[in-house]
Amino acid sequence: MTLLPATIAGTAWKLGDHVNTDILHPSSYFSLDEGRVKEGLREGMQRLGKNLSNNLSGNGLVIVAGENFGCGSSRETSVRSLRLCGVRAIVAQSFARIFYRSLANLGIPPLECTGIQDWVKNGDPVLISLADGFIELGDKRRCAFSPLDPHIERILECGGLIPYLRREQDGV
Amino acid sequence: MGKGLSGEIIERHADGKQEGGFLRVTVDFVLLHDPTCALLLGDLKELEATVWDRDKVLVTVDHFAPPSTVERANIVKDVLSFVEREEIANCKTYEGICHQLLVEGPWVGPGMVVLGADSHTTTAGALGCLATGMGSTDILYTLVTGRTWLRPSEAIRVDLTGDLPPYVTGKDIALELLGGAGEGGFLYKALEFYDRHETIIMDDRFTICNMVVEGGAKNGLFHPDAITWSYLKERDGNGRQFPWSFHGEARYGEAIEIDLSYLRPKLALPHSPARVVDVKEQRGIKIHQVFIGSCTGGRLRDLEATAHILRGEKVAPGVRLLVAPASQRIYQEAIERGYIQTILKAGGVVLNSSCGPCGGIDKGILGAGEQCLSTSNRNFQGRMGDPSSLVYLASPLTAAATAVRGEIIDPREVL
């Protein structure tokens, strides 16, 4: 059984290059309280010049970013805030290493797609086909993303690293 | 592909299981600190799991140290209860910053695989181990299983040649490297350093390995040499065995040489550790606060440099100088050597050994529009306080000279 959907439909939320976790989710919002963690992303978005607080209530958000997305601190609250706010996938030119792992570990597909930030505008509808490896934009243009490593895919199929660990312990 | 010594360390720790490009490897040691440890406790409880090896874990309380809010006090309480419940053998509360404590204790050395729930875990690579940071969920997996999944990286060989000129330090080497590569210039790479003349002291090596992550590197590693073995002998005594047994040349995909004799004091401009220029190009920028501390800039050699500049001087009017020794052990040594007295006499404020201002946690948060020069590792927007504040990164020599002048200045001009 896989928890990875064949397709993800959402609205693009566009960010730039080298977005670090300190700005995405300021450290003063580090908390074990989910409400506070969500607020942190809202504050981060404001600092990044995006006032997308209305979008935060809905589901089906897809972040589109440039190079080295999620660099800096390993504080997983940044990735948790994305999950809590309904981010379904992130498509970027490249990801910072720890952030990439943490996304997969929390069940959010990190997809690497060259030049994607030149193709997508903020608020565009996007359709991601995980099964066929492409992102379809509002005007039906398609961009292929790099195939996920089988290990990362397996973690995502389980719904994250903790369910992966449970299956590993059960010998599945 | 040249996987370097780092790749070889990963392969030697592989347990035979492979998925895609990832190998399942056994882990030798794990580092956790209060906030990132707190994040995994709920899941650990839900898994009804216990820690695989209580002796191979170090938990520190260094971020909320001591806590400044009720929520943080409860986080520290939860972490300490976990330590007690699991009988974790190594726990350090308020004794210093995790990355310094990890290398002070008798735990890690050449050839080991070391993970930490903090990006600056790369620091320990100065001892010749593969040390890298991960998020809390990854670390939870390791705490339960004693394993992790790693993909051997492309390795870059960095040869450090020539003699370091006076008033140029490890921090300047780190900034030079980052300036050349750019933010993300070392993404996923292993950086392996060869100190060709064996002149770079261990404290500077920690600083360099600490900051490789600002270029996106997975890890930094100093090839073990006489300086490494002498540090380990002093720390652990004679006869300590490490898994290091490399012979012959490691293979590399790329090589960089830095001739240290041409290096000048460096400065990273807001808001990126990779926006690097020579300090003298930015001479005269007014500074409100100078911070000397953190896991990259609060070691004994940093305090020594600070005291060297401050001796007989006064911090300029209108400047706040904050100094935080990276550990209690360093703090004590700095007292014995007179550095702390010199800093106090000059008008500096000495904070307890903790992360404090570096991550905008407590003690020394910046107000709107304030400008700070810091020896820490990150100057991202808003990291040290108000989003409109500006942070410059430089060596402790540059920082202390700037505190005396009240504006950014090349330390060679003050001496």
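## Strands, helices and a chain contact

Q: Which residue in β7(B) does Leu115(B) stand opposite?
A: First, some naming: helices (H or I, at least four residues) and strands (E, at least two) are DSSP runs, counted from the N terminus. β7(B) spans residues 130-133 and runs parallel to β6(B), with four bridges joining the two. In β7(B), the residue opposite Leu115(B) is Thr132(B).

Q: What kind of model is this?
A: Residues are numbered from 1 along each chain as its sequence is written, while chains are lettered from A and ligands numbered from 1 in the order they are written. Local features need pLDDT of at least 70, side-chain atom pairs count only at pLDDT 80 or more, and totals for chains, interfaces and linings use all residues, with everything taken from a predicted model.

Q: What is the bridge partner of Val30(B) in β6(B)?
A: Strands pair if DSSP finds at least two bridges between them. Val30(B) has as its bridge partner Leu115(B).

Q: Are Val114(B) and Gly116(B) buried or exposed?
A: Buried means 20 or more other C-beta atoms within 10 Å of a residue's own, exposed means 12 or fewer, and partly exposed is in between, with C-beta atoms placed from the backbone. β6(B) is covered on both faces: Val113(B) and Leu115(B) sit on one side, Val114(B) and Gly116(B) on the other, and all are buried.

Q: How is α6(A) oriented relative to α7(A)?
A: Axes are lines fitted to C-alpha atoms, for helices over the stretch in contact, and angles run from 0 to 180 degrees between N-to-C directions. The axes here are 7 Å apart at an angle of about 95°. Under 35 degrees is roughly parallel, over 145 roughly antiparallel, 65 to 115 roughly perpendicular and the rest oblique, so α6(A) and α7(A) are roughly perpendicular.

Q: Which helix gives the most to the side of chain A that touches chain B?
A: The contact takes 35 residues from chain A and 39 from chain B. On chain A, α1, α4, α6 and α7 each supply at least two residues. The one giving the most, with five residues, is α4(A).

How values were computed
Two residues are in contact if their C-beta atoms, placed from the backbone, lie within 7 Å.
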